[in-house]
Amino acid sequence: MDKLTIEIKTHAPEETELTGEKLAALFKPGTVVALCGELGAGKTVLVRGMARGLGSGDRVTSPTFTIVNEYAGRLALFHFDMYRLGGSDELFDIGWEDYRARGGVCVVEWSENVPGAFDGSELRITIEKLSDTDRKITVGTPQEAV
Amino acid sequence: MLILSVESTCDETAVAITENGRRALTDQIFSQTGLHAVYGGVVPEIASRSHVELVSRLSERALEAAGVTKAQLDAVAVSYAPGLIGAVLVGVSFAKAAAYALGIPLIPVHHIPGHIAANYIAFPELEPPFLCLAVSGGNTLLVDVRGYTDMAVMGATRDDAAGECFDKTARVLGLPYPGGKYVDALSQTGDDTKYALPRAHVEGNPYDMSFSGLKTAVVNLVHHAEQKGEALDRESLCASFSRAVSETLVPRTMRLAKALDYEKIAVAGGVAANSRIRNDFKKAAEAAGARLFIPPLSLCGDNAAMIGCQAYYEYLAGTRAGSDLDAYANMEL
Ligand SMILES: Nc1ncnc2c1ncn2[C@@H]1O[C@H](COP(=O)(O)OP(=O)(O)O)[C@@H](O)[C@H]1O
Ligand SMILES: [Mg+2]
């Protein structure tokens with residue numbers, strides 16, 4: 001059976017943030033989310049909503065330079081940004097498996113840079129820019145979640 | 001007092017020896033940024049844990065360069081937060097082992113006060129209180145430096161850091177990484193009024209900032225031009241962009257200095273190297289009758305001398321750590 005996909009259109013950053021907040025209700029310990037979308041698509045905006053949905057009141061900033069930011073909530077949220085990584089072999093250097101073992105949620109911006117991080121059980125979210133203010137968010141749920 | 005200090009929170013691994021805080025005898029920095037350029041925008045073996053080895057080699061070199069023996073050291077200091085946890089751990093583990101082996105105190109230092117302390121090395125006359133804008137690839141913070149170890153964040157970015165915005169703009173324009181200096185170079189001959197770019201308005205704290213809207217505006221502008229087949233005036237786009245960043249940073253900093261009644265303003269972090277921002281700060285400080293402190297480039301990036309300097313003041317304030325010191329990925333100032 002094919003994976004289930006959901007499509008959502010948003011027309012402002014607030015709507016994308018709200019989408020993230022709603023999606024966070026699906027998260028379980030160990031959930032991995034792979035995000036795809038160009039610069040400025042709204043990946044960080046979406047994760048900001050997810051952090052809020054998990055109950056974190058912290059400010060969610062871009063993890064591009066730090067590679068990973070952590071937020072505490074109903075579940076711990078590890079917000080990765082693989083923008084500066086060259087490939088899957090660098091996952092070891094950033095401690096990817098250690099974070100995975102901590103039982104929180106790992107959400108990954110620029111997931112296309114590290115295909116080796118994913119085993120098919122991850123939630124795949126693609127954000128497409130339709131215009132300066134419109135975004136198409138496609139969520140592909142893994143079979144287990146259906 | 002001689003302090004051996006270690007910095008390893010992100011891409012740079014560094015070991016310095018400082019004397020009484022303000023004097024850096026040596027600062028041995030191993031940076032991966034040179035490699036970034038070679039690899040065209042990616043970081044090879046970023047923050048590798050194998051840097052443990054690098055830290056000890058840099059320490060040996062630091063001692064040699066400073067002409068100091070291990071027995072002469074009075075304390076070991078380390079940047080223990082915030083950063084990439086695996087990377088921070090390298091420095092923390094090494095510093096703990098060194099302090100224990102030498103039987104001298106261990107001083108934990110937060111990375112951001114470290115950046116601010118770079119100013120004490122560059123400017124012997126600078127003393128708190130003052131306002132500091134700490135602006136780099138990973139941070140954009142307005143810090144009220146009330147005392148050497150007493151500070152408060154008064155404003156910060158809500159999304160992207162200013163330096164990150166420079167790098168991403170550079171990438172969209174096809175410039176090499178890290179792109180800040182290329183954007184700066186191109187902007188010299190551009191018209192900074194040619195492209196209308198947003199100055200983000202944020203609700204709530206008037207000293208908070210936002211840069212993701214500016215990043216996205218540049219991306220949109222470049223895409224629209226591509227779609228219409230229009231040629232971009234890259235020089236003017238870089239100039240308009242640099243101006244937008246500067247006009248987000250400089251007026252806020254000046255307003256806050258005025259509100260706090262400070263006549264000293266310091267800048268720290270890699271973005272302080274940008275010529276537009278430097279010039280705008282100079283003009284604004286002159287107009288306001290404020291004194292401006294911007295450290296030389298060599299002290300703007302991550303280094304260990306700044307950690308040693310801040311550690312001296314932490315030491316005077318009584319800060320010590322034991323062999324149970326942890327590394328922290330996140331930590332508020
Ligand atoms: N519908 C929308 N959803 C999300 N972001 C939007 C939308 N419309 C405009 N934007 C803008 O796009 C930018 C997205 O930035 P960011 O989340 O940092 O992107 P990314 O992390 O994908 O590079 C923000 O400036 C945001 O205000
Ligand atoms: Mg992002």
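Which domains does the domain assignment of chain B give? The assignment gives domain 1 (2–119 + 301–316) and domain 2 (127–294), with bounds that come from an automatic or database domain assignment. This is a predicted model, in which local features need pLDDT of at least 70, side-chain atom pairs count only at pLDDT 80 or more, and totals for chains, interfaces and linings use all residues. Residues are numbered from 1 along each chain as its sequence is written, while chains are lettered from A and ligands numbered from 1 in the order in which they are written.

**View 1. The two domains of chain B.** Taken over C-alpha atoms, the centres of domain 1 and domain 2 of chain B are 28 Å apart. In chain B, 14 residues of domain 1 are in contact with 19 residues of domain 2 (C-beta atoms, placed from the backbone, within 7 Å).

**View 2. The side of domain 1 of chain B that touches domain 2 of chain B.** Two or more residues each come from α1 (33–38), α4 (111–122) and α11 (305–316) of chain B. Helices are DSSP runs (H or I, at least four residues), numbered from the N terminus. The largest share, six residues, belongs to α4(B).

**View 3. The surroundings of ligand 1.** Residues from chains A and B surround ligand 1, so the site is shared between chains. Of the 22 residues around ligand 1, those that come nearest are Thr16(A), Gly42(A), Lys43(A), Thr44(A) and Ser212(B) (a residue is near if its C-beta atom, placed from the backbone, lies within 6 Å). At least two residues of the shell are supplied by each of α1 (13–23) and α2 (43–53) of chain A and α7 (212–228) of chain B.

How values were computed:
Contact = placed C-beta atoms within 7 Å.
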